[in-house]
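Student: Could you take me through one part of this model up close, strand by strand and side chain by side chain? I'd like the cut-offs along the way, please.

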Amino acid sequence: MAGTSEPSRATSHGDESWPQFGYDDANTGHAPNNTGPDGSVTEQWRLPQVSRITSPPAVDDGTVYIGTEGGAAAFSATDGSFKWQSRTDGREVSTPPIVAGGSVYVKNINLFGGGSIIYALDAADGTVQWSFQIDAPVNPSPTVLDGTVYVSGDTDKRVYALDARDGTEQWSVRTGRAALTSPVVVDGTVYVGTHSTVYALDTEDGTEQWSVNVRTKKDPVVVEGTVYVGGSLNDQNVYALDAADGTEQWSVKTDGPASASPVVTEDTVYAVSNDGETETGTVYALDMATGADQWTVQIGSKIESAPAVVDDTVYVGDDDGYVHALDAGDGTEQWSVRTGGQVISTPVVVDRTVYAVSFDYESDRGFVHALDTGTGTIQWGLMNDVVFSSLAVVGGTVYVGSEEGRLGKLYGFAAATGAEQWSFQTGGVGYSSPAVVDGTVYVGEDGSIDDEEVYAMDAEDGTEEWSFQTGEAVKTSPAVMNGTVYVGCFRGTVYALDAATGTEQWSFQTDGPVFSSPAVVDGTVYVGSRDANMYALDAKDGTEQWSFATGGEVESSPAVAGGTVYVGSDDGKVYALDAEDGTEQWSFQTGDTVHSSPAVVAGTVYVGSLDNNVYALDARDGTERWVFQTDGEVRSSPAVADGTVYVGSWDSNVYALDAGDGTERWSRRIGETGWAGQVSPVVADGAVYIGTRNSVSALDTATGTEQWSFDTDGEVQSSPAVVDGTVYLMGGTLFALTEDNRASTSTETTTKETPSQETPGFGIGTALVGLGGGAYLLKRRLDAEDEEK
């Protein structure tokens with residue numbers, strides 16, 4: 001039967017409920033009786049407390065400092081207790097913090113363009129002391145010495161000197177190519193390498209003292225008046241340059257470009273390179289004064305990190321997972337031990353123990369091993385999902401950060417035994433939009449594909465009420481109806497959980513990942529799967545009532561109106577199916593994949609497509625009523641309120657369109673390229689709520705004027721839920737945002753009554769479900785090795 005009536009209103013939780021995806025059965029995304037914050041907002045609580053860890057740790061004076069997806073954080077080195085977190089414009093800090101003179105210096109990077117910012121934070125409480133903007137992504141770490149912060153501007157092609165007290169620019173010098181190495185400061189001179197040149201600059205005013213045509217991406221090493229540097233790309237040499245004037249003292253041809261900076265001891269330079277044709281690495285021992293070859297050892301696979309040289313032994317790791325111990329005098333192998341995967345950082349040697357970090361790319365597992373320096377005997381080993389590329393060993397404790405799927409954790413291990421002394425869970429990207437019912441927030445965890453949970457948390461303070469382990473990532477939004485939580489998971493399972501306890505009531509297995517959020521109508525759960533099917537399941541026991549095979553994966557979430565199920569498919573079609581038996585009533589072919597979830601209002605189906613268009617279709621027969629073309633893919637799902645269609649496009653605009661004829665009423669550019677096109681808007685209390693890459697904004701429904709914006713710690717990949725003056729959203733962590741004058745000062749203070757309004761469903765369909773691992777890759781650092789820099 002065709003859907004021509006107004007969307008039905010759910011009655012199980014009263015007029016102010018939001019019991020499932022899209023607010024009502026028809027996915028309108030409009031909650032006319034729910035209220036949002038009035039005026040500016042502030043954070044009421046967040047979980048986890050710290051956003052996803054993104055850098056190796058730094059340890060200083062009893063405190064561990066880490067970079068996070070949204071800034072930096074500090075913990076007690078003794079017990080891991082949280083000290084503070086500082087947000088740095090919602091961008092990832094990927095290099096270890098630098099602690100000097102009571103300040104913590106961090107550098108963030110915007111992977112989507114827009115540059116980097118250098119921050120000075122108070123080491124005691126994380127307060128921002130100053131910041132400095134560079135209009136290009138900066139990959140190298142800054143250097144702090146004698147009251148000055150030195151920064152290589154990377155593609156900005158500049159080297160900066162900033163006053164460490166207030167961040168004022170003392171000088172900057174333009175280099176000919178991208179400055180790819182961290183500044184090395186010795187005896188009044190700054191040494192920095194680019195794609196074509198090594199520069200020596202005066203620390204006082206940046207005056208060029210000399211420059212030499214050496215192409216390098218590895219930091220120079222300056223020892224006793226000589227600059228040692230390894231060539232990169234086509235320059236396959238190790239150089240010794242006079243630090244005073246840049247004169248070449250010697251150079252040695254290697255088998256390939258340098259894979260790490262040289263290591264210089266009392267009389268020997270140790271260098272490593274990789275042969276791209278044979279996929280092998282080589283360790284060189286060169287006379288410090290003449291460059292004469294003392295010995296050369298070829299390793300069976302590539303070497304990605306610098307060796308460590310301690311007590312007449314060279315320790316080096318390779319891509320096959322071996323740690324090698326070589327005699328520093330003649331290169332003979334003393335021992336080699338295989339770890340669990342590719343050795344991805346320089347071994348750390350402390351108290352006759354070698355600590356190595358490795359990663360197995362086939363199993364997605366990371367390892368930390370402690371090896372005896374004399375024999376290579378494994379003293380202990382640990383396995384995790386993803387371990388960062390370096391660690392710190394201080395005071396008998398190994399500090400290391402891990403990335404566990406899309407989440408993260410900071411660990412303190414006993415250096416002697418590997419026993420976990422403490423750990424602190426950090427947050428990550430979430431694709432699941434929160435649902436809020438009877439004072440409880442329900443959300444799925446998208447951290448690791450193998451070990452994930454659905455959480456129920458108190459809406460007032462974020463305390464956990466229960467969790468249910470799914471064993472698979474949760475990329476859909478929970479639907480809460482009649483005391484049951486329905487949710488789909490990555491490995492194809494649909495779960496029904498008791499809303500009060502989290503106990504599993506039933507599960508149903510599809511043959512593909514479930515990225516489609518369930519809709520629950522009249523005792524039936526409707527959900528799509530990447531196995532190309534649309535399913536109808538009995539809400540009581542999960543038995544299959546019917547299934548319908550489309551021509552492509554189904555990531556779109558269904559809308560149900562007037563006895564008809566409307567859903568999009570990767571075959572580019574929008575389908576109308578009979579809700580009783582799944583028979584096809586009609587289908588409409590768009591020009592590309594349909595990840596957008598339909599909204600049905602007053603006999604019209606509104607839906608987006610990756611062909612850049614927003615369509616309005618007659619709900620009875622699928623006839624096109626109008627089409628509106630944007631300049632980017634429309635992955636997001638429309639919200640329809642009071643005669644207006646609100647939708648985001650990959651062209652970074654949010655559009656307000658007349659629901660009757662599709663004419664544009666207003667448009668507003670938000671965030672960075674693409675983000676408006678993948679996160680779906682929500683409409684409540686006269687505002688359009690939509691997430692961008694690192695923020696959430698409230699726009700006036702009539703004009704598109706921004707009412708407020710809040711910077712999150714990470715990517716906002718899902719739609720907000722708006723309930724009783726509070727906005728709940730995933731953005732690196734799960735945030736609860738409320739009006740400034742209503743927020744409690746800490747998560748330990750609870751003063752408000754249980755919310756009377758509820759948001760049990762997803763709100764609006766998000767096309768983010770189509771990103772999969774692509775979104776994960778977007779968070780990786782920029783490739784500083786681009787030949788064109």
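Tutor: Among contacts (heavy atoms within 4.5 Å) between residues at least 6 apart in sequence, 45% join residues at least 24 apart. Before we zoom in: this is a predicted model, where local features need pLDDT of at least 70, side-chain atom pairs count only at pLDDT 80 or more, and totals for chains, interfaces and linings use all residues. Residues are numbered from 1 along each chain as its sequence is written, and side-chain values use heavy atoms, with hydrogens and water left out.

Of its 789 residues, 65% are buried, with buried meaning under 20% relative accessible area, exposed over 50% and partly exposed in between, using a 1.4 Å probe and protein chains only.

The part I'd pick is strand β13, residues 148-152. Five of its five residues are buried, so the strand is largely enclosed by the rest of the structure. T148, Y150 and S152 point one way, while V149 and V151 point the other way.

Now for the neighbours, where two strands pair if DSSP finds at least two bridges between them. On one hand there's β12 (residues 143-145), antiparallel to β13 and joined to it by three bridges. Y150 is the bridge partner of T143 there. The hairpin of β12 and β13 has two residues between the strands, and D146 takes a positive phi near 50°. On the other hand there's β14 (residues 158-163), also antiparallel to β13, with five bridges. Here V151 stands opposite Y160. This hairpin has five residues between its strands, and D154 in the turn has a positive phi of about 55°.

For some ring geometry elsewhere, the structure holds 27 aromatic pairs. Rings of Phe, Tyr and Trp (its six-membered ring) pair if their centres lie within 6.5 Å; planes under 30 degrees apart count as stacked, over 60 as edge-to-face and the rest as tilted. Y315 and W335 have ring centres 6.1 Å apart and planes at 45°, so that pair is tilted. Y315 sits in β29 (residues 313-317) and W335 in β31 (residues 333-338), so the pair ties together parts 20 residues apart in sequence. Y315 and W335 are buried.

Conventions
Helix = DSSP H or I, 4+ residues; strand = E, 2+ residues; numbered from the N terminus.
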